[in-house]
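Hi everyone, thanks for coming. Please take a look at the sequence and the structure, and I'll walk you through a few parts of it.

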Amino acid sequence: MKERTVWYFEAPGPQNTEKALECAVKRAKEGGIAYLVVASSSGETALRLGEKARQEGYQGKIVVCTYHAGFSGGDEISLSPERRALLESMGMAVVQGSHALSGISRSFRQRFGGLSIPEVIAESFRRISEGFKVAVEVAIMAADAGAIPTTQDVIALGGSGKGADTAILLRPCHQNSFFDLKIREILCMPRS
C-alpha cells in the first residue's frame with residue numbers, strides 16, 4: 001500500500017496551472033514515468049510544463065496535444081506554426097488531432113440531435129472535472145498518434161479552458177481498445 005498526496009483546488013481554472021505542473025513533474029520523477037501528456041491549444045501551458053520539467057531535471061518525454069484544424073471554425077489552427085516549431089525544438093512531440101471523446105459523432109448530434117456513446121463517456125468524466133475529461137482524452141489522442149505507448153503508465157494534464165487544473169496517472173489506450181484504459185492515480189483536480 002502507498003500513501004500519496006492529492007491536491008484539491010477550490011475552483012477550476014488557470015490559477016491552478018503552476019501547482020498542477022508541479023504535481024505532474026514531481027510524480028513523474030518519483031515514479032520514473034517516461035511520458036507527460038499535456039493539453040495545450042496555444043502552446044502556453046506546454047511551454048510552462050517544459051520549463052518546469054527542465055528546472056526539476058525531468059528527463060522524460062513531453063507530448064503536447066492540441067485541437068484539430070477547424071475546431072474553432074474554418075480551417076483555423078489554434079497552435080501557430082511558430083509556437084509548434086518552438087515546442088518541437090525543445091524536444092516535445094506535438095499531436096494535432098480530433099477529440100477522442102467526440103470526433104465525428106459531434107457532427108451527428110449537432111445535425112440530428114441525440115447522444116453518442118463517446119459524448120456520454122465525455123460527459124461522465126466531466127462529472128469528475130472538465131480537466132479530468134481532457135486529461136483522459138489527450139492520453140487517448142496521443143496513444144492513437146503513436147506518441148506514447150499503451151504498455152506503460154503516463155501522466156496526463158488537462159484543464160478547464162486555459163491552463164491546467166487536473167493531473168492524473170493512467171495507463172492509456174487507443175480509441176478502439178477503450179476498455180483497456182486504467183486510471184491509476186489522481187494527482188490534483190478541482191473540487192467543483
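Let me begin with a definition: two strands pair if DSSP finds at least two bridges between them. Helices (H or I, at least four residues) and strands (E, at least two) are DSSP runs, numbered from the N terminus. What you see is a predicted model, where local features need pLDDT of at least 70 and side-chain atom pairs count only at pLDDT 80 or more, while totals for chains, interfaces and linings use all residues. Residues are numbered from 1 along each chain as its sequence is written, and side-chain values use heavy atoms, with hydrogens and water left out.

Seven strands form an open sheet with mixed pairing, in the order 1-7-6-5-2-3-4. Which strands stand at the edges? Strand 1 and strand 4 (93-96) do, and each has a single partner strand, so one side of each lacks a neighbour in the sheet. From one strand to the next, the twist averages 25°. Strands of a sheet pair through backbone hydrogen bonds, either parallel or antiparallel. Strand 2 (residues 35-39) and strand 3 (residues 61-66) run parallel, joined by five bridges. Val 37, for instance, has Val 63 in strand 3 as its bridge partner.

Next, helix 6. Residues 130-144 make up this helix, which lies across several strands, including strand 5 (154-158), and runs at about 130° to strand 5. That angle is between N-to-C directions, on a scale from 0 to 180 degrees, with axes as lines fitted to C-alpha atoms, for helices over the stretch in contact; contact means heavy atoms within 4.5 Å. Is helix 6 largely enclosed or open? Of its 15 residues, 13 are buried, so the rest of the structure largely encloses helix 6. Buried here means under 20% relative accessible area, exposed over 50%, and partly exposed in between (1.4 Å probe, protein chains only).

On to the cysteines. A disulfide is a pair of cysteine sulfur atoms within 2.5 Å. How many are there by this rule? The count is zero. Cys 173 has its nearest cysteine sulfur, in Cys 65, 13 Å away, and Cys 173 is buried at 1%. The sulfur of Cys 188 is 4.3 Å from that of Cys 23, which is too far for a bond. Cys 188 is buried as well, at 0% relative accessibility.

Last stop: Asn 16, in the loop between strand 1 (7-9) and helix 1 (17-31). Asn 16 counts as buried, at 8% relative accessibility. Beyond its neighbours within four places in sequence, Asn 16 is in contact with Phe 9, Ala 11, Ala 164 and Asp 165.
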